[in-house]
Amino acid sequence: AWHNYRGDVSEISAINSDYPEKEAYFTEASIGLWNYDFGSCLLRDFDQIFIQTLQNGCRAVTLWNLMLDDKLGPYRPGGCSTCHGALTISSEDGSLIDYKSQYFNIAHSSRVVRSGALRIGSISPDIKDFNSVAFLNPDDSYAILSVNYSSEAISLNVTDGESLRVRLDFPAESTSSFRIFPHKAGLRSCLKELFRTR
């Protein structure tokens, strides 16, 4: 079980290499009064918590907390009294008040990466201010999660080395998630879903 409060994400790969029979999971990260800025948390957390942990061998990502009220509760003695949830609800009537950045991080990932997906690599990991991770889903679709820190948009031709070729656009200062369905005949591909938040 991994958290991102200290250390370096590469440690996950080192442990996986030494103990290949063990499964690694990212199990906790929070946003709160000490660090919350929607834009920077959206990009940084998507990159560090989702993309980088999955690149380094984590099998899943969960966050802390999924939902809290406008008073940052419920609060447990010894727990975090300054944390936000991915969603904020009213302490009066339980109605939805706000979506925090981690809600969109979860939405990006869960929208395209299916249970049982196999991580297959990254696209152009050497591009400055850009990071990504790609998966093969059980239904043979491809899922790509990406972050572009740059103030410039990036366009890339993505291929699986065989029949899949598609051009993807990554807006400036954004997170993007793509799900690509190869054509049944394997001759062309179509981009089925693009879910992006800035």
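**Salt bridges and confidence**

Author: Asp98 is partly exposed, its relative accessibility being 29%. Please keep in mind that this is a predicted model.

Reader: Which residue does Asp98 meet in a salt bridge?

Author: The partner is Lys100, with N to O at 3.0 Å between the two side chains.

Reader: And is Lys100 buried or exposed?

Author: Lys100 is buried, because its relative accessible area is 11% and the cut-off for buried is under 20%.

Reader: How many salt bridges does the structure hold?

Author: There are five. Among them is the one between Arg44 and Asp45, at 3.6 Å from N to O. Asp45 is buried at 4% relative accessibility, whereas Arg44 is partly exposed at 25%.

Reader: What about Lys128, which residue does it pair with?

Author: Lys128 forms a salt bridge with Asp129, and their closest N and O atoms are 3.8 Å apart. Lys128 has a relative accessible area of 67%, so it counts as exposed. Asp129 is partly exposed, with 35%.

Reader: Changing topic: what is the average pLDDT of the protein chain?

Author: The average is 88, and 91% of the residues score at least 70.

Reader: Where is confidence lowest, and where is it highest?

Author: The lowest mean, 37, belongs to strand β15, residues 189-197. Strand β7, residues 87-89, has the highest, at 98.

Reader: Over which residues does pLDDT stay under 50?

Author: That applies to residues 184-198, for which the model has 45 contacts beyond four places in sequence.

Conventions. Residues numbered from 1 in each chain as written. Predicted model: local features only at pLDDT ≥ 70, side-chain atom pairs only at ≥ 80, totals over all residues. Heavy atoms only, no water. pLDDT = per-residue confidence, 0-100. Helix = DSSP H or I, 4+ residues; strand = E, 2+ residues; numbered from the N terminus. Contact = heavy atoms within 4.5 Å. Salt bridge = Lys/Arg side-chain N within 4 Å of Asp/Glu carboxyl O. Buried < 20%, exposed > 50% of the residue type's maximum accessible area, 1.4 Å probe, protein only.
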